[in-house]
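Good morning, everyone, and thank you for making time for this. Please have a look at the sequence and the model before I start talking.

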Amino acid sequence: MSVEVGLVAASDLGRCPTPLLAVAVGDKRGQAVLPDLPSVLAEAMHAVRTDMRGRVGHVVIAHTGLAQGPERVAFIGVGAWGEWDAEAVRRFAGRAVRAAESRDLASLSIHVAVGDLDPSVAVQAATEGGVLASWRFTELRASLDRDDTTAIPVETIHLILDGDGGKAAAEGLRVGRAIATGQNFARTLQNRPGNIATPEHLGTEAEAMAEELGLEVEVFGIERIREERMHALLAVNQGSDLEPRFIVIRHLGGKVKEPFVALVGKGLTFDAGGISIKPSQGMEEMKFDMSGGAAVMGAMRAIAEFGLPLNVVGLIPSTENLLSGKAVKPGDVIQTRGGKMVEVINTDAEGRLILADALDYAKESGVAAIVDMATLTGSVVAALGHHAIAVLGSDEQLIQDVRDAGQRAGERCWPLPLWNEYRKQLRSEAADMMNIGGRPAGTITAAWFLREFVGDVPWAHLDIAGTAYGTEPLSYQRKGGYGIPVRLLVEWLRSRLE
Ligand code: BES
Ligand code: MN
Ligand code: ZN
């Protein structure tokens, strides 16, 4: 069950009968800066005023004692008003939901300060923060009797807009709801373990989503994958007892002849490393190796739901990477769909292999641009830690557009260079190239490998290995899959409408 979000007029703030009203408190040199509250509330709150701080994350919850109106107010520190942007709104809305959860409240109202933002941007961000924060992954628990889940789930959020947002606010609500629902869908898929979220499962989920939202879908099984000559995907799949899938989802929102834009996501449902097996410590996290594919599914869901007027195709190559007597071995040479021969030096560098065939498929189908995303390299964590997606590509304008979209969406990217000098590290004695480029600049050599398959199509690659999931969530996230970069993708696609 998903949370309900609605808009309420600001004039009713003091009278609005809600169990909890969340308001943002700004910070000016250590002093709390409150928004204009109706006098009745301001009076009721006088008592707690001395406890309030505006620094980010400081929260004071107080009973109002009012017979009519909010039962409680949560004052939520948001820092300097000068830094009040969409991401600040998202985090604030997430904290508001956490405040409600801490008091076992199923509903709350959030006062959305618009400030210098466009009302549609503020409402969209508040909706996203609220819907993302309310989501929980409990489907695999027989009992919810645990500290983190005994709390009653938040089911209703009222957004109280400061000022009259009119149509723009309604549009922000509609789009924000679709995006956050898509992102939550991606998180659900991510969190499902490898024995549930198999390649077949991703295919069935894609079909169900397409049926529900009027998307076109094709799920290739092993026979069709063979016909498509996707030998690199097949090579990675060799060690697994489960069949691979290649998922194609089309959103026909644009004009009939208009070319498609492609979103390509790595759908590796469990990465043990293959014969080049990974250490067992933390290996369970490799269920998240389909996070790129999950994000593509989430973004397709979002754009179908709010009706993006563009043609978009989502491509997800999916398999496990396991070991068996049939598994691909170090030293094996395999042919990719595009024809290039690859010497597999390390079977754990499998993501680039399955993506190679997907990128070639995208290129051959004549798309106007490609954005791929993958939990591709551990090196990206060494380079950027957990707070930035690495972006690399063949087209400077596209890279810039993706970065701008990521900034607005609160899913930031930082570029790494794709200079020719790095290409040499992939040179092979046995074949056209090796699948690894040695220790230095692992994220860059991985991107170079992908570049070999995109031809002249404007292409950007997002390495999300450091940002797709984690244990230190922002207010609107939870431990586990974060559903990134769904917001970035939708924001980037929308920017192509201008
Ligand atoms: N799925 C991993 C990358 C990864 C690492 C994702 C850590 C999330 C967290 C990928 O398939 C992989 O194993 N990459 C290797 C490449 C190496 C063998 C060149 C890596 O990064 O170690
Ligand atoms: Mn791997
Ligand atoms: Zn992998």
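Which of the 16 residues around ligand 1 come nearest? Before I answer, please keep in mind that this is a predicted model. The residues that come nearest to ligand 1 are Lys278, Asp289, Asp348, Glu350 and Gly378. If we take the shell around ligand 1 by class, we find seven charged residues, together with five nonpolar and four polar ones.

Let me go through some individual contacts. In the side chain of Lys278 an N or O atom is 2.8 Å from an oxygen atom of ligand 1, while a backbone N or O atom of Thr375 lies 3.3 Å from a nitrogen atom of the ligand, and for a backbone N or O atom of Leu376 the distance to a nitrogen atom of ligand 1 is 3.3 Å. On its own, ligand 1 has 510 Å² of accessible area, and the protein covers 78% of it.

Now to the metals. The manganese ion, which is ligand 2, is coordinated at 2.1 to 2.2 Å by the OD of Asp271, by both O and OD of Asp348, and by the OE of Glu350. The angles among its six donor atoms run from 69 to 168°, and the site is irregular. Asp271 also bridges the manganese ion and the zinc ion, ligand 3, and these two ions lie 3.1 Å apart. Because Asp271 lies in strand β11 and Glu350 in the loop between β14 and α9, the pair ties together parts that are 79 residues apart in sequence.

Are Asp271 and Glu350 buried or exposed? Both of them are buried.

Terms used. Residues numbered from 1 in each chain as written. Chains lettered and ligands numbered in written order. Predicted model: local features only at pLDDT ≥ 70, side-chain atom pairs only at ≥ 80, totals over all residues. Heavy atoms only, no water. Donors = N, O, S within 2.8 Å, 3.2 Å for Na, K, Ca; no water. Tetrahedral: all angles 85-135°; square planar, octahedral: opposite > 155°, others 65-115°. Helix = DSSP H or I, 4+ residues; strand = E, 2+ residues; numbered from the N terminus. Buried < 20%, exposed > 50% of the residue type's maximum accessible area, 1.4 Å probe, protein only. Near = heavy atom within 4 Å. Polar contact = N/O pair within 3.5 Å; in protein donor to acceptor, adjacent residues only side chain to side chain. Areas by Shrake-Rupley, 256 points an atom, 1.4 Å probe, with all protein chains shown as cover. Nonpolar A, V, L, I, M, F, W, Y, C, P; charged D, E, K, R; others polar.
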